[in-house]
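Take a look at the sequence and the fold, then read on.

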Amino acid sequence: MGLIGKIEEFLEGREEWSQYVERLDLYFKANDITSEGKKQATLLTVIGPSSYKLLRNLVAPTKPSAMENDDLVAAMNAQHCPIPREIVQRCKFNSRFRMDNVTIAGYMASLPSLAGFCNFGMLLDVMLRDRLACGVRDDRTQHQLLVGSLTLGKVVEIATSIEMAANNVRDLQTAQAPREEVH
């Protein structure tokens with residue numbers, strides 16, 4: 001039976017290392033590759049010459065073929081995916097405001113990825129709620145979100161409802177605008 005799928009060499013800039021490893025793990029699953037030795041040999045074979053050279057330098061004086069697959073991936077992770085500093089990530093999170101051309105849903109979709117390395121823990125929902133309330137650019141919407149003690153779900157619901165109502169009003173006003181006849 002032939003192999004399912006194909007894994008190209010890893011080229012920095014074309015793909016993130018973490019995505020490459022995810023695809024490689026899926027390749028292993030799809031092809032029932034469970035042996036650690038076979039995983040290691042596959043990784044070393046498919047990553048390509050420049051990534052292999054980098055990996056050799058990272059693990060020197062040990063040869064990559066003498067190491068476990070997980071250790072090889074960890075060495076490349078350290079090179080390509082350094083753990084971001086918490087304070088920097090929190091600054092990015094806390095300075096994110098919703099742009100005029102971004103919907104509430106789009107804004108909310110971007111926040112969890114920004115919060116990924118902030119280590120908010122149990123406060124994540126509270127921080128997301130607060131970021132939405134602070135990041136909204138419309139004074140009336142922000143006023144509604146700052147009244148009372150609201151949950152993240154309720155804040156999202158209110159902000160989305162106000163946004164939808166504003167869009168509906170704009171659409172209705174556009175549709176009802178008197179049209180000039182052209183002769």
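## About the model

This is a predicted model, in which local features need pLDDT of at least 70, side-chain atom pairs count only at pLDDT 80 or more, and totals for chains, interfaces and linings use all residues. Residues are numbered from 1 along each chain as its sequence is written, and side-chain values use heavy atoms, leaving out hydrogens and water.

## The largest pocket

The largest pocket has a volume of about 380 Å³. Its lining has 15 residues, and R98, D138, I162, E163 and A166 are the closest to the centre. Lining residues have an atom within 4 Å of a pocket point; the points lie on a 1 Å grid, in an open set where a 1.4 Å probe fits, with protein on both sides within 12 Å along at least five of seven lines. Volume here is the space filled by probe spheres set on the points, which are joined across faces, edges and corners.

Helix α9 gives the largest share of the lining, seven residues. By type, the lining holds six nonpolar, three polar and six charged residues; Asp, Glu, Lys and Arg count as charged, Ala, Val, Leu, Ile, Met, Phe, Trp, Tyr, Cys and Pro as nonpolar, and the others, Gly among them, as polar.

## T42 in helix α2

T42 sits in helix α2, residues 36-46; helices are DSSP runs of H or I with at least four residues, numbered from the N terminus. T42 is buried, with a relative accessible area of 14% (buried means under 20%, exposed over 50%, with a 1.4 Å probe and protein chains only). Leaving aside neighbours within four places in sequence, T42 is in contact (heavy atoms within 4.5 Å) with L24, Y27, F28 and I33.

In helix α3, residues 49-59, the buried residues are S51, L55 and V59. Seen down the axis of α3, these fall within an arc of 60°, so they line one face of the helix; the arc is that of the directions from the helix axis to the C-beta atoms. The buried residues of α3 pack against α2 and α4, while P49, K53 and N57 are exposed on the other side.

How values were computed:
Helix = DSSP H or I, 4+ residues; strand = E, 2+ residues; numbered from the N terminus.
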